[in-house]
Amino acid sequence: MKLELVESFGNALSENMIIESENITALEYLQEEFSGKIDVITIDPPYNTDISHIGYRDSNFENGWSTFIKERLALAKILMSDAGSMFINIDENELVSLLEICYDLFGKENVNILVWPKIDEPFDMNRVEKPVFNIKSAHEYIVLCYMDKKNTVFSNMRNGKPMESIIKGLGTTSSAKDEIAQLLGKREMFSTPKPMRLLEEIIRISSQKDSIILDFFAGSGTTGHATMSLNKFDGGRRKFILVTNDENDICKNVTIPRIKKSIEVYNYRDGFNYYKLRSRYQCDLF
Ligand SMILES: C[S@@+](CC[C@H](N)C(=O)[O-])C[C@H]1O[C@@H](n2cnc3c(N)ncnc32)[C@H](O)[C@@H]1O
């Protein structure tokens, strides 16, 4: 494997990493330095829904979706700390398969299911209504896996109350597009972003102030933006590692510009190192 530094941006002391790579290669690469060290993993993988308009491959994986996810989750689990937790976005299409995989890896007692309303009128002034076949899909799931629920130091209070299984009021798919448009000037650069406040809340409840946060399906980089925003709010020193592939040049055209812009616009006093990682097989080709 070969890790090549492409660019350093912002605060020179920053240890944040953005890695452009097939994520199985990156997860293998991260094992040596980060095994047992990552407190929060948050991912938003392809949902296997065969939607063609979204700009990245969402289905037709060589050995099936379950194998694709299982291989990655097994490697990711090795990176998790004893108090670590992993949040996985998914919709109803593969919820059952994902739960089977997570029960197998973490034990049923260490898995919870949360619901995220992906449409919500107050956030959706720019939402474009899609055709509905029978039931209008208004929510998705977040499968939450703990390394060991008893060990988890969860600061899971929200406004003085325990977190609820339905995570309302933190934005929608449409408001996430508005956030990207605010930074990059175009609303449709990426069609399935998650809202910044949702990620910020996930990180807040599951991290310490010096935790490492990993997202290996980073897409537009919401997890990085949310980590910096939370650090600014509570004085934390959390670091992020974002991994995304080069499908449609997303890393170069969306992830990197979005994180750069957010640092500048919100004055985060943070930075990142942008790497490209190639597997031994890819190195042999060059
Ligand atoms: C659903 S999107 C993530 C959206 C993200 N939560 C956001 O807020 O922008 C999934 C992303 O993972 C990337 N991806 C899919 N398969 C991948 C793989 N095997 N390795 C690395 N990235 C992958 C896709 O190109 C896409 O950008």
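This is a predicted model: local features need pLDDT of at least 70, side-chain atom pairs count only at pLDDT 80 or more; totals for chains, interfaces and linings use all residues.
**Exercise 1. List the buried residues of helix 1 and the elements they pack against.**

Step 1. Apply the cut-offs. Buried means under 20% relative accessible area, exposed over 50%, and partly exposed in between (1.4 Å probe, protein chains only).

Step 2. Read off the residues. Asn23, Ile24, Thr25, Ala26, Leu27, Leu30, Gln31 and Phe34 are buried.

Step 3. Find the partners. These buried residues pack against strand 2 (17–20), strand 3 (38–43), helix 2 (65–79), strand 9 (212–215), strand 10 (239–244) and strand 11 (271–278).

**Exercise 2. Describe how helix 1 packs on helix 2.**

Step 1. Get the geometry. The angle is about 15°, and the axes are 9 Å apart. Axes are lines fitted to C-alpha atoms, for helices over the stretch in contact; angles run from 0 to 180 degrees between N-to-C directions.

Step 2. Classify the angle. Helix 1 is therefore roughly parallel to helix 2. The classes are: under 35 degrees roughly parallel, over 145 roughly antiparallel, 65 to 115 roughly perpendicular, the rest oblique.

Step 3. List the contact (heavy atoms within 4.5 Å). Helix 1 supplies Asn23, Ile24, Leu27, Glu28, Leu30, Gln31 and Phe34; helix 2 supplies Glu71, Arg72, Leu75, Ala76, Ile78 and Leu79.

Step 4. Sort by class. The contact of helix 1 with helix 2 has 8 nonpolar, 2 polar and 3 charged residues. Ala, Val, Leu, Ile, Met, Phe, Trp, Tyr, Cys and Pro count as nonpolar, Asp, Glu, Lys and Arg as charged, and the others, Gly among them, as polar.

**Exercise 3. Classify the angle between helix 4 and helix 7.**

Step 1. Helix 4 (residues 173–184) and helix 7 (residues 250–265) pack at about 75°, with axes 9 Å apart.

Step 2. The two helices are therefore roughly perpendicular to each other.

Step 3. The contact uses Glu179, Ile180, Leu183 and Leu184 of helix 4, and Val254, Pro257, Arg258, Lys261, Ser262 and Val265 of helix 7.

Step 4. By class, the contact of helix 4 with helix 7 has 6 nonpolar, 1 polar and 3 charged residues.

**Exercise 4. Is Ser174 buried or exposed?**

Step 1. Ser174 lies in helix 4.

Step 2. Its relative accessible area is 4%, so Ser174 is buried.

Step 3. Ser174 touches Phe123, Asp124, Asn126, Arg127 and Arg187, not counting residues up to four places away in sequence.

**Exercise 5. Locate Asp249 and Asn267 and give their phi values.**

Step 1. Asp249 sits in the loop between strand 10 and helix 7. Its phi is positive, near 55°, in a residue other than glycine. Asp249 is partly exposed, at 35% relative accessible area.

Step 2. Asn267 sits in the loop between helix 7 and strand 11. Its phi is also positive, about 55°, although Asn267 is not a glycine. Asn267 is partly exposed, at 46% relative accessibility.

Note on methods: Residues are numbered from 1 along each chain as its sequence is written. Side-chain values use heavy atoms; hydrogens and water are left out. Helices (H or I, at least four residues) and strands (E, at least two) are DSSP runs, numbered from the N terminus.
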